[in-house]
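User: I'm new to this one. Can you walk me through its salt bridges?
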Amino acid sequence: MILLERNYKWLQPVLSISISLILLVFTYWSINSDFDMTKMFSYMSTYLYLLWFNGFVYLSTKFTLFFDKFLPFEKHSSLRLTVELVSLFLMAFIFFYIVMVILNINGAIDEPHVMNKNNTIIGIFHSLVLLLYSSLTITDNFLRKWRTDSLKIEVLKQDKLRAENRALQAQLNPHFLFNSLNVIISEIDHDPKLAKQFALDLSHTYRYVLQSKDVESVTFETEWEAMQAYIHLHQVRLGEGLKVLTSIDELSNQKKIPPLSIQLLLENCFKHNQATLRKPLMITIFSDGNQFSIENNKQPKNKSADTYNIGIQYLKESFKQLDQQTSIYVEENETTFKITIPLIEA
């Protein structure tokens, strides 16, 4: 199996010739009481047999290519397998019959086109062996094609994921930018120092979004530093309508996460819930070095955001790209919503 995985071009011919020689020796040994290996190679039937066996193996690969074109496995798996195996068996037996007729003619045997019982049994037995060998070749080709197609599908999934990420960012950014600019305009005269800090945080947030859009992972420390600026922007914008409690373990800093994961979780909180002075949005952020969670009180807006499910699905797929064993946990009841993401070892 290891040799087959290496895809050596010489392997198939060597296997085919080896198997045909073993079968030939076994057949001669079984029908001749005075078996002699050296004499075996003096008979024309030996070379005709090797030509028949290995020629058939070669033609069977061409048959497979023919059926791939007109009867692909993806659409007609059962019919394809049945037609191909029956065709190969008939072709093997017909070729064997032609070889026997040639030998009979060469041996000046009466009625050379008539096969006796022993030759018929030998022909069927060897055709079945050839069919078994060809079936293994068909299976090997099918598995190689399946693996290649699977890799292509995986690449397409990653491309789709990146496209969804860009689409998600495009949906998030313009609205957030519009609100943030309004805050800056309103604070310039009222509190210039706050307006300056707000502009710096906004710049920091967008710079991080742009820098991280083409990478597969970032350290938690990098993401969290940018998200602190992002949270401050919302605190300025929402005032007493937003309460944020944080507890971050330093062990989290060098762990990996997909970029903008925390931003997406925070955005979900703001997008789905009201945040007013009378009904403040309470967000609790916690990390213990292995997991990161965000929990908020539920006070949904009238209009639900369409990107909610897309965002969660995007997160799940993004984490699977980094580590297939990871999982994202969502806990929801009538009053709170909590989501926990893993922190992956660097």
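User: Which residue does Lys298 form a salt bridge with?
Analyst: Lys298 pairs with Glu332. The closest N and O atoms are 2.9 Å apart. Keep in mind that this is a predicted model.

User: Where do Lys298 and Glu332 sit in the chain?
Analyst: Lys298 is in the loop between strand E5 (291-297) and helix H10 (307-322). Glu332 belongs to strand E6 (residues 329-332).

User: How exposed is Lys298?
Analyst: Lys298 is partly exposed, at 30% relative accessibility.

User: How many salt bridges are found in the whole structure?
Analyst: The search finds 4. One of them joins the side chains of Glu345 and Lys255, at 3.5 Å from N to O.

User: What does the pair of Glu345 and Lys255 tie together?
Analyst: Glu345 lies in the segment after strand E7 (336-342), while Lys255 lies in the loop between strand E2 (242-248) and strand E3 (256-257), so the pair ties together parts 90 residues apart in sequence.

User: Is Lys255 buried or exposed?
Analyst: Lys255 is buried, with a relative accessible area of 9%; that value is under the 20% cut-off. Glu345 is exposed, at 56%.

User: New pair. What is the N to O distance for Glu240 and Lys243?
Analyst: It is 2.7 Å, and their side chains meet in a salt bridge.

User: And how exposed are those two, Glu240 and Lys243?
Analyst: Glu240 is partly exposed, with a relative accessible area of 49%. Lys243 also counts as partly exposed, at 32%.

Definitions and conventions. Residues are numbered from 1 along each chain as its sequence is written. This is a predicted model: local features need pLDDT of at least 70, side-chain atom pairs count only at pLDDT 80 or more; totals for chains, interfaces and linings use all residues. Side-chain values use heavy atoms; hydrogens and water are left out. Buried means under 20% relative accessible area, exposed over 50%, partly exposed in between (1.4 Å probe, protein chains only). Helices (H or I, at least four residues) and strands (E, at least two) are DSSP runs, numbered from the N terminus.
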